Amino acid sequence: MSTAAPDRPRLWDIFCHVIDNFGDVGLLWRLSAALAARGQQVRLWIDDASALAWMAPGALAGEWPGVRVMAWTDAEHASVCSTLPCADVWIEGFGCDIPSGFVAHFAQRWGDQAGLAQPMWVNLEYLSAEAYVERNHGLPSPVLSGPARGWTKYFFYPGFTAGSGGLIRNAVERAADGRPNPSLVNADGERRISLFCYEPEALPALLGSLGQDGRAARLLVAHGRTTHAVRRLLDSGGFRLPGHVQVEYLPPLSQTRFDALLADCDLNMVRGEDSLVQALWAGKPFIWQAYPQSDAAHRTKLEAFLDWLQADAAVREMHRAWNGFCQPAEVPHWNQTLADADGRWKSQVTDARLRLMAQDDLPTRLLKTVNENR
Ligand code: TRH
């Protein structure tokens with residue numbers, strides 16, 4: 001862990017092209033806020049900022065110190081770019097192409113001003129525990145064409161190991177934003193289970209298992225696709241939720257409240273990438289649904305993650321079923337594993353969390369990379 005001196009304040013341009021879901025904006029917002037918390041100035045260029053209204057209240061109104069949310073389309077306009085200072089770092093999120101007008105404008109300014117350092121250009125990739133992450137992390141790639149021809153981009157791969165780009169740390173104690181979460185005012189002994197997923201085929205099996213051990217359970221269902229999936233199931237008439245299980249549909253939560261929710265639940269169902277990381281920081285047993293890819297590449301991704309987690313056979317089987325790679329009926333002790341989640345399952349997660357806590361987080365590694373190259 002580094003005990004470095006305060007970071008030199010720098011100006012960052014971070015580019016976010018929203019594909020679907022909340023992961024692109026979620027991760028790049030989290031990075032922007034983390035850098036700002038370390039004294040950096042960030043311009044977050046985004047083509048669809050609508051989710052920030054609930055994810056980061058105040059961000060769109062410019063009330064978040066250190067982060068300015070910018071319209072992607074403005075990056076194309078020289079009239080806008082010419083009013084802006086040159087940044088020290090460019091981050092393209094998940095290989096999105098930085099608008100060509102922006103590159104052309106700033107390449108010209110750097111060409112015109114002798115002695116002005118080029119920005120460090122970083123391509124921030126998706127998170128994975130697969131071996132290619134360590135192989136490719138930090139590799140330079142020359143820009144071969146266009147106005148920035150001759151510049152260099154660097155690949156930055158988030159990951160779970162010391163040889164990767166790391167993870168953005170969410171100290172759980174830092175997560176609560178001061179307000180109690182009303183969803184968490186529950187009767188004593190009630191098991192709280194958060195549900196954030198796509199449309200897993202195993203959803204009926206999972207919901208059907210809850211409360212089987214006789215304990216009361218409260219299922220806290222995330223808005224959007226998760227809520228639609230649960231409503232569709234419960235409204236279908238062909239499924240009955242076990243007694244003892246209450247369902248609560250959540251509104252969109254700010255990211256800090258979402259993180260706090262995971263920390264406060266006894267079991268978390270998470271999806272994509274960013275909520276997986278938050279589930280690890282929360283240190284509670286969880287089941288992860290990987291973002292489904294048409295060529296089933298997410299199966300390799302899932303297995304690599306389970307290897308890194310050092311998950312036992314029961315946890316692996318639950319994950320395979322939740323991701324559609326086997327049927328819940330094929331999973332031995334499905335109900336028992338869920339009921340006992342607080343035991344061995346939880347200790348696997350807390351061990352993994354400790355391994356992560358011993359490493360530098362992603363902003364520290366990113367700042368270090370920038371310091372070394374610029
Ligand atoms: O929304 P996701 O499924 O995002 C996915 C993946 O990131 C995937 O890799 C990407 O290719 C695809 O989007 C386009 O799941 P993820 O990654 O967990 O992101 C969810 C974000 O939303 C996370 O930052 C937490 C945040 N969130 C809130 O802030 N409040 C909420 O109420 C909810 C439900 C989520």
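Analyst: Quick definition to start: two residues are in contact when they have heavy atoms within 4.5 Å of each other. Counting that way, residues 24 or more positions apart make up 74% of the contacts in the protein with a separation of 6 or more. Bear in mind that this is a predicted model.

Now the core you asked about. The largest nonpolar core holds 62 residues, and Phe286 and Phe305 are the ones touching the most other members. Helix 10, residues 274-282, gives this core its largest share, with six residues. Zoom in on Phe286 and leave out residues up to four places away in sequence: Phe286 then touches Leu276, Ala279 and Leu280, along with Leu267, Asn268 and Val270. Phe305 is also on the list of Phe286 contacts, as are Leu309, His319, Trp345 and Val349. Another core lies apart from the largest one; that other core has 35 residues, including Leu28, Met55, Val67 and Leu367.

Stepping back to the whole chain, there are 15 helices and twelve strands. The radius of gyration comes out at 22 Å, close to the 21 Å from the globule rule for 374 residues, so the protein is as compact as a globular protein of that length. Along the principal axes, the C-alpha atoms fill a box of roughly 75 × 40 × 40 Å. Of the 374 residues, 55% count as buried. Last, the charges: the mean positions of the 35 positive and 42 negative ones sit 3 Å apart.

Notes:
Residues numbered from 1 in each chain as written. Predicted model: local features only at pLDDT ≥ 70, side-chain atom pairs only at ≥ 80, totals over all residues. Heavy atoms only, no water. Core = buried A, V, L, I, M, F, W, Y, C linked by side-chain atoms within 4.5 Å. Buried < 20%, exposed > 50% of the residue type's maximum accessible area, 1.4 Å probe, protein only. Helix = DSSP H or I, 4+ residues; strand = E, 2+ residues; numbered from the N terminus. Rg over C-alpha atoms; globule rule 2.2 N^0.38 Å. Lys, Arg positive; Asp, Glu negative; His and termini not counted. Charge placed at Lys NZ, Arg CZ, Asp CG, Glu CD.
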